[in-house]
Structures are given as structure tokens and as C-alpha cells.
Amino acid sequence: RSPLGPMEAIRATGLLAGIALTLLFLVVVPLAAGATLAQEVHENTLAPLTGSPLEPWQLAVGLAAGPYVACAILAVPQVLLVAGTVAVAGHPLSALGFALVTAVGSLLLTVLAQHAALSIGRRWSPAVAAVPLLGLSTVAWIVGAVIGVELRSQSLGLVALCPPGGALHLL
């Protein structure tokens, strides 16, 4: 027998699906976007595109779109689980806040990863650039998990410093 009742089991399922979503969008997407840009910069394959009418921000958005689409496909089951648990167990405002904080945090971390990859990728290979990006994004997620669990109303400003903290706090 499970020590959890039916409602607690449903909430635990939603919690695990939400944790998987934060890992996908706050660790995997920034890492993949940064590694992609590092590879393009290292191999100098962006040079032909800089002479086109595309602006630099359009190139950055285009390079980040691939990891977002791939992770969005992987995230569909988790999104359905979270939506189902919210429908059954309640707390729709927390779920909406979780979705917004995760989306904005993912965009912020993706831009930061691309910026780091732009400077790292000129000097080292994409594999060497991906290792520090993986380390930093994983540490940021772990620190965010600790902050999210221990977040008090007096220290809500920490969410701005570590986006995974806000997302995990709202779970």
C-alpha cells in the first residue's frame, strides 16, 4: 500500500512532471542553444549570413528556435500531466505562475548561454564550450531548487537572481 492518498499521489505526479519541465526548459534548452551558437561561431559558418539582410538578433533567435522546438516536443507529455493534475487537484494560479516563470527564465538563461557561447566558441571547440555551460546551468538549477524550497515572502527578490528557484517554488 502506498502511504499517499489519491489526491497526494496526483499532486506528486504533477510535481515530478513540473520538475521535468524545469529541467528541460531551464537546463537543456539553454545548453543546446549555447552549444549550437558555439559550433556556428567556431566553424565560422555564420559569416555568409552576416552579409544577408538578416540582423544579428534574428540569427540568434533562429539558432535558439531549434532547441526550443525539440524540447517542446519532449515536453508535451509533462505539460499534459501538469495540466491534468491542476484540473484535478486545483491551484490554477500557481500553475500559470509556474508556466510564466519557466518561460521567462528559459529565455533569460538561453540569452546568457548564447552570450557565453559567443565568447567561448571563438577560442575553443563546441564540446569544450558545452562543458562549462552544462556545469553552470546545472548548478543554477540545483541552487534554484534549494532557493525554491526555502523561499520566504521576505526574500522573493532571489527569484530574479535564479529563475529555477521561482519556478520550483511555484510547484
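Trainee: Which hand does the crossing have where α1 passes α4?
Mentor: Right-handed: α1 passes α4 that way. Bear in mind that the model is predicted.
Trainee: What angle do α1 and α4 pack at, and how far apart are their axes?
Mentor: About 25 degrees, with the axes 8 Å apart. Angles under 35 degrees count as roughly parallel, so α1 is roughly parallel to α4.
Trainee: How many nonpolar, polar and charged residues are in the contact of α1 with α4?
Mentor: That contact has 14 nonpolar residues, ten polar and no charged.
Trainee: Now α4 and α5. What angle do their axes cross at?
Mentor: Roughly 145 degrees, and the axes come within 10 Å. Helix α4 covers residues 92-121 and helix α5 covers residues 126-150. The crossing of α4 past α5 is right-handed.
Trainee: Which residues meet there, α4 to α5?
Mentor: From α4, A113, A116, A117 and I120; they meet A129, P132 and L133 in α5. By class, the contact of α4 with α5 has seven nonpolar residues, no polar and no charged.
Trainee: Different topic, the whole chain. How many helices and strands are there?
Mentor: Seven helices and zero strands.
Trainee: What are the spans of the C-alpha trace along its principal axes?
Mentor: About 60 × 30 × 30 Å.
Trainee: And what share of the residues counts as buried?
Mentor: 33% of the 171 residues in the chain. As for the surface, the chain exposes about 9,900 Å², and carbon and sulfur atoms supply 74% of that.

Definitions and conventions. Residues numbered from 1 in each chain as written. Predicted model: local features only at pLDDT ≥ 70, side-chain atom pairs only at ≥ 80, totals over all residues. Heavy atoms only, no water. Axes fitted to C-alpha atoms, helices over the stretch in contact; angles between N-to-C directions. Helix = DSSP H or I, 4+ residues; strand = E, 2+ residues; numbered from the N terminus. Left-handed = near helix turned anticlockwise from the far one by under 90°. Contact = heavy atoms within 4.5 Å. Nonpolar A, V, L, I, M, F, W, Y, C, P; charged D, E, K, R; others polar. Parallel < 35°, antiparallel > 145°, perpendicular 65-115°, else oblique. Buried < 20%, exposed > 50% of the residue type's maximum accessible area, 1.4 Å probe, protein only. Areas by Shrake-Rupley, 256 points an atom, 1.4 Å probe, with all protein chains shown as cover.
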